[in-house]
Amino acid sequence: MKRNSLATFLMVLSIAAFSGALLRAVAPGTESAGAAAQQKTRVERGAHLVRTMGCNDCHTPWKMGPKGPEPDMSRSLTGHPSDFILPPPPPPSGPWIGHTAATNTAFAGPWGVSFTANLTPDPETGLGKWTEEMFIATMRTGRHQGKGRPVLPPMPVQILAALDDEDIKSVFAYLQSLPPVKNRVPAPIDPTEEKR
Amino acid sequence: MNRWVRAAVAALAVAWLIAIGTAMQAAVPPAAEDHQAPQRLSETGLYAAGRPGVIDPANRAFAPQYPLWSDGAAKTRWIYLPPGTAIDASDNADWAFPVGTRFWKEFSFNGKKVETRFIWHASADRWIFATYLWTEGERDALLAPGEGVPGAVEIALGKRHDIPGSNDCKACHGAKRPGPLGFNALQLSTDRDPNAIHGEPLAPGMITLATLVSERLLSPAVPELVNNPPRIHASSPRTRAVLGYFASNCGTCHNRSGETTFDGPSLKHSDLSDGDKVAADLLGFATTWQVPGQPDGASRMLSITAPDASAMLVRMQSRRPSSQMPPLGTTLRDDAAIDAITKWIAMDLSKR
């Protein structure tokens with residue numbers, strides 16, 4: 001009897017140990033598959049957010065379509081075209097203090113002239129060298145990579161700062177999944193007169 | 001029972017206990033702490049109890065040899081280390097401060113106190129950054145709002161100094177390794193640079209590396225910091241002074257921490273000992289920021305062929321938000337530094 005109990009106990013332990021070992025062996029693959037699934041979910045969620053939050057409105061150059069101006073999706077999210085050289089903006093007139101270029105990618109106002117960024121992962125001209133942390137810091141602080149110059153109007157950083165980290169990570173994951181496009185966007189142009 | 005069976009059972013039991021213990025540890029969240037910056041500077045521990053305006057002797061004054069440019073403010077700084085604690089100096093590039101450490105920096109313009117900034121290592125995973133705005137009569141200073149106070153005080157004709165918001169504090173003091181910026185081995189070295197731009201004299205009693213070592217406030221003790229104090233080694237005094245200026249004004253972001261995409265020569269205080277090499281690396285380094293008027297891809301951090309088109313100089317001369325460097329914290333450009341760097345390019349770099 002005593003011998004049977006011991007045998008049963010050892011058998012249960014063996015099964016438990018085997019199950020544990022099996023789980024451990026499978027776990028890395030499961031984790032990897034989980035991470036891939038999470039990334040896929042993030043990319044899909046990010047694509048939805050980018051579509052619905054209007055990122056294409058300014059970061060994709062507009063062209064004249066059959067029904068009027070529309071985003072040129074062949075240049076999706078590539079920012080202000082480097083070959084679209086603009087003359088200085090007209091001076092403000094009365095209550096009209098701002099101007100927009102025909103591509104809807106360059107904006108003039110009291111802050112100077114701002115050009116929308118290339119959001120594709122090109123390492124030299126886009127977000128290719130950015131990390132998720134830099135992207136989150138930019139959205140949270142309204143400063144370039146969380147440390148540099150202010151992100152300029154009309155980028156709605158005040159609104160985007162309200163996104164939770166998971167949403168911002170999703171947007172970043174989607175942008176990083178895009179094909180990289182080389183397009184060096186000009187640096188902002190300062191206003192003629194210093195503010196103070 | 002066979003001794004091998006007994007050993008196997010014992011091993012399985014231990015493994016089981018470890019697994020359960022690990023699972024339980026992961027399930028218990030860390031204790032939440034709710035530290036807040038006090039509403040008044042007088043409540044931060046800067047002053048001796050019952051003696052308004054008198055610095056508590058537990059708070060030690062210090063003066064970094066290469067001060068940060070802050071619109072020309074006169075600044076006074078103090079550190080408090082809890083009794084019995086020491087700074088973890090095992091990584092000399094990034095000292096780790098004990099919980100309870102506090103720093104203060106008082107800013108005055110034209111002899112009048114304007115703001116005092118406060119950094120407090122409140123718990124193992126939390127630093128608190130706050131700014132206090134001095135009241136009229138300088139009786140106390142009140143906690144500034146989180147968004148800061150733009151244009152708080154006029155410091156020159158038509159120019160006003162901003163009190164930074166909490167986001168601005170974090171922008172400079174780091175997200176990955178938060179903490180003070182001007183309290184490190186180079187800044188506290190006893191081999192002090194006599195040509196430091198805006199250098200301040202050491203007052204009696206101020207903390208230096210020698211103090212930290214002799215009072216066992218560094219752990220490990222690192223006696224070589226006293227025997228061979230940190231210094232920017234350079235063939236010209238101007239190179240040493242200019243790189244020291246870069247350490248405090250640029251190196252916080254322009255380094256290899258990975259917090260920004262900057263991939264040029266690191267200007268962090270701990271990466272400047274070979275000053276001539278850093279200067280050579282800076283010279284001709286292509287910047288992603290394009291200098292106005294320069295052809296695409298032709299912009300350089302420093303240029304001896306077109307010194308006025310050196311990106312560093314152009315951005316230091318600008319005080320416009322989209323191009324100025326450093327990007328925050330100042331309204332006035334630092335003319336003394338611009339002059340020193342212009343001379344450095346013309347008289348030192350051009351001879352290389």
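Visitor: Where is the place of A:Asp57?
Guide: A:Asp57 sits in helix H2 (residues 55-59) of chain A. Helices here are DSSP runs of H or I with at least four residues, strands are runs of E with at least two, and both are numbered from the N terminus. This is a predicted model, in which local features need pLDDT of at least 70, side-chain atom pairs count only at pLDDT 80 or more, and totals for chains, interfaces and linings use all residues. Residues are numbered from 1 along each chain as its sequence is written, while chains are lettered from A and ligands numbered from 1 in the order in which they are written.

Visitor: Why does A:Asp57 count as partly exposed?
Guide: Count the C-beta atoms, placed from the backbone, within 10 Å of a residue's own: 20 or more others make it buried, 12 or fewer exposed, and anything in between partly exposed. A:Asp57 has 13 such neighbours inside 10 Å, so it counts as partly exposed.

Visitor: How far apart are A:Asp57 and A:Ala162 in sequence and in space?
Guide: They are 105 residues apart in sequence. In space the distance is 20 Å, C-alpha to C-alpha.

Visitor: What is the mean pLDDT of chain A?
Guide: pLDDT is the predictor's confidence in each residue, from 0 to 100. Chain A has a mean of 87, and 82% of its residues reach 70 or more. Among its elements, helix H1 (residues 2-52) has the lowest mean, 70. Helix H5 (residues 165-177) of chain A has the highest, 98.

Visitor: What makes E3(A) and E4(A) a pair?
Guide: Two strands pair if DSSP finds at least two bridges between them. E3(A) and strand E4 (residues 106-109) of chain A have two bridges, in the antiparallel sense. A:Thr100 stands opposite A:Phe107 in E4(A).

Visitor: How many bridges join E4(A) to E5(A)?
Guide: Four, and the strands run antiparallel. A:Phe107 also stands opposite A:Ser114 in E5(A). E4(A) and E5(A) form a hairpin with two residues between them.

Visitor: Which strands stand at the edges of the open sheet, and why is one side of each without a neighbour?
Guide: The sheet has three strands in the order E3-E4-E5 (chain A), paired antiparallel. Strand E3 (99-100) and strand E5 (112-115) of chain A are at the edges; each has a single partner strand, so one side of each lacks a neighbour in the sheet.

Visitor: What do the buried residues of H3(A) pack against?
Guide: Helix H3 (residues 132-141) of chain A has buried residues including A:Met134, A:Phe135 and A:Met139. The buried residues of H3(A) pack against helix H4 (157-160) and H5 of chain A, together with helix H2 (166-173) of chain B. Contact requires C-beta atoms, placed from the backbone, within 7 Å.

Visitor: Why are H5(B) and H6(B) called roughly perpendicular?
Guide: Axes are lines fitted to C-alpha atoms, for helices over the stretch in contact, with angles from 0 to 180 degrees between N-to-C directions. Under 35 degrees counts as roughly parallel, over 145 as roughly antiparallel, 65 to 115 as roughly perpendicular, and the rest as oblique. The axes of helix H5 (residues 237-249) and helix H6 (residues 275-282) of chain B come within 10 Å and cross at roughly 70°. H5(B) and H6(B) are therefore roughly perpendicular to each other.

Visitor: Which residues of H5(B) meet H6(B)?
Guide: B:Thr239, B:Arg240 and B:Leu243 meet B:Gly275, B:Asp276, B:Val278 and B:Ala279 in H6(B).

Methods. Contact = placed C-beta atoms within 7 Å.
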